[in-house]
Each structure stands twice: as structure tokens, then as C-alpha cells.
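Morning, everyone. Please have a look at the model on the screen, and then I'll talk you through it.

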Amino acid sequence: MYGSEMRKDFTDLIGTWPRDPGRTSIGPFATDIDVPYQHAATMKQRNSIAPEFWPRVLKAATARGIGLSHEQLLRMREDARRRRETRRRKTRTRHAAGAAA
């Protein structure tokens, strides 16, 4: 159904969940992993799914025909961590340059 193409991040993964026309994928995702809608929306907005939810996500993805593995979740988490660290470094550099001026 949704294949095993590589998802670039958690936001992209949540976005692959099927949805009704004109609706977001957050509702079906939230229902499938048994969390409140707002919690799933926060996961998507923060581009982060806590590892404690991964078993539910993997089970739901399998049921939906969405190709996903534990290794892909690990990779997404590591990529997100690297992006956050890069942003922090850039912010610190800008602040340090502004303070020196």
C-alpha cells in the first residue's frame, strides 16, 4: 500500500498515514498508536516520536502497509538529533558574534 520508501524524518512518517480528503494524517496516526490527537500533533510539530511509542508505531505501520523498521526509526532519531545540535551551534555562534561586536 504505502511501500517501504525511505522516510526522511518523523514528520514525514506521520504525514504518510492515510487520511480523509481535506484532513490531516494526525487523527488516524493518533488513533492507531492510542495517544490523544494533541500528543500526536506535538510529535509531528517537534519532529520527534519518543522511543517508548516505537513498538506501537511499528505495529500500526505494519497494519497500514507502511514499510518501516526499527533501524529507520533509529536513523530518524539520530538525524533529528544532529540537526538540533547543528542549529544550537549556529545559534551560539551568532550570539557570540553579536556579543563581541
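I'll start with the overall fold, then go helix by helix, and finish with charges.

First, a caution: this is a predicted model. Keep that in mind throughout.

So, the fold. The protein chain has five helices and zero strands. Along the sequence, the pattern reads α-α-α-α-α. The chain has 101 residues, and 32% of them count as buried.

Now helix α1. The helix covers residues 10-15, and Asp12 is found there. Is Asp12 buried, partly exposed or exposed? Asp12 is partly exposed, with a relative accessible area of 28%. Look at what the side chain of Asp12 does. One of its polar atoms lies 3.2 Å from the backbone nitrogen of Lys8. That pair is within the 3.5 Å cut-off for a polar contact. Next, follow Asp12 to Lys44. These two are 32 residues apart along the chain. Their C-alpha atoms, however, are separated by 8.3 Å.

On to helix α4, residues 54-64. Which residues of this helix are buried? They are Trp54, Val57, Leu58, Ala60 and Ala61. And what comes after α4? Gly65 follows, and its phi is positive, near 80°.

That brings me to helix α5, residues 70-100. How many salt bridges does the model have? The count comes to four.

Take Glu78 and Arg81. Their side chains meet in a salt bridge, 2.5 Å from N to O. Both residues sit in helix α5, three residues apart, about one turn of the helix. Glu78 is partly exposed, at 29% relative accessibility. Arg81 is partly exposed too, with a relative accessible area of 39%.

Stay on Glu78. Its side chain also meets that of Arg82 in a salt bridge, at 3.7 Å, N to O. The cut-off is 4 Å, so this pair counts. Why are Arg82 and Glu78 separated by about one helical turn? Because they are four residues apart in helix α5. Arg82 has a relative accessible area of 42%, so Arg82 is partly exposed.

Now the third pair. Arg82 forms a salt bridge with Asp79, 2.8 Å from N to O. Asp79 and Arg82 are three residues apart in helix α5, again about one turn. Asp79 is at 23% relative accessibility. The line for buried is under 20%, so Asp79 counts as partly exposed.

Glu78, Asp79, Arg81 and Arg82 are linked in a network of salt bridges. Glu78 bonds to Arg81 and to Arg82. Arg82 in turn reaches Asp79.

Which residues gather in a patch of positive charge? They are Lys8, Arg77, Arg83, Arg84 and Arg87. Arg84 is a member of the patch, and Arg84 lies in helix α5. Arg84 is partly exposed, with a relative accessible area of 30%.

To recap: five helices and zero strands, a salt-bridge network of Glu78, Asp79, Arg81 and Arg82, and a positive patch on the surface that includes Lys8 and Arg84. And once more, the model is predicted.

Technical notes:
Residues are numbered from 1 along each chain as its sequence is written. This is a predicted model: local features need pLDDT of at least 70, side-chain atom pairs count only at pLDDT 80 or more; totals for chains, interfaces and linings use all residues. Side-chain values use heavy atoms; hydrogens and water are left out. Patches are made of residues with over 30% relative accessible area and no salt bridge: like charges are joined within 9 Å, nonpolar side chains (Val, Leu, Ile, Met, Phe, Trp, Tyr) within 5 Å. Accessible areas come from the Shrake-Rupley method with a 1.4 Å probe; for residues, only the protein chains shown count as cover. Lys and Arg count as positive and Asp and Glu as negative; His and the chain ends are not counted. The place of a charge is taken as NZ of Lys, CZ of Arg, CG of Asp or CD of Glu. Helices (H or I, at least four residues) and strands (E, at least two) are DSSP runs, numbered from the N terminus. Buried means under 20% relative accessible area, exposed over 50%, partly exposed in between (1.4 Å probe, protein chains only). A polar contact is a pair of N or O atoms within 3.5 Å; within protein, one must be able to donate a hydrogen and the other to accept it, and residues adjacent in sequence count only if both atoms are side-chain atoms.
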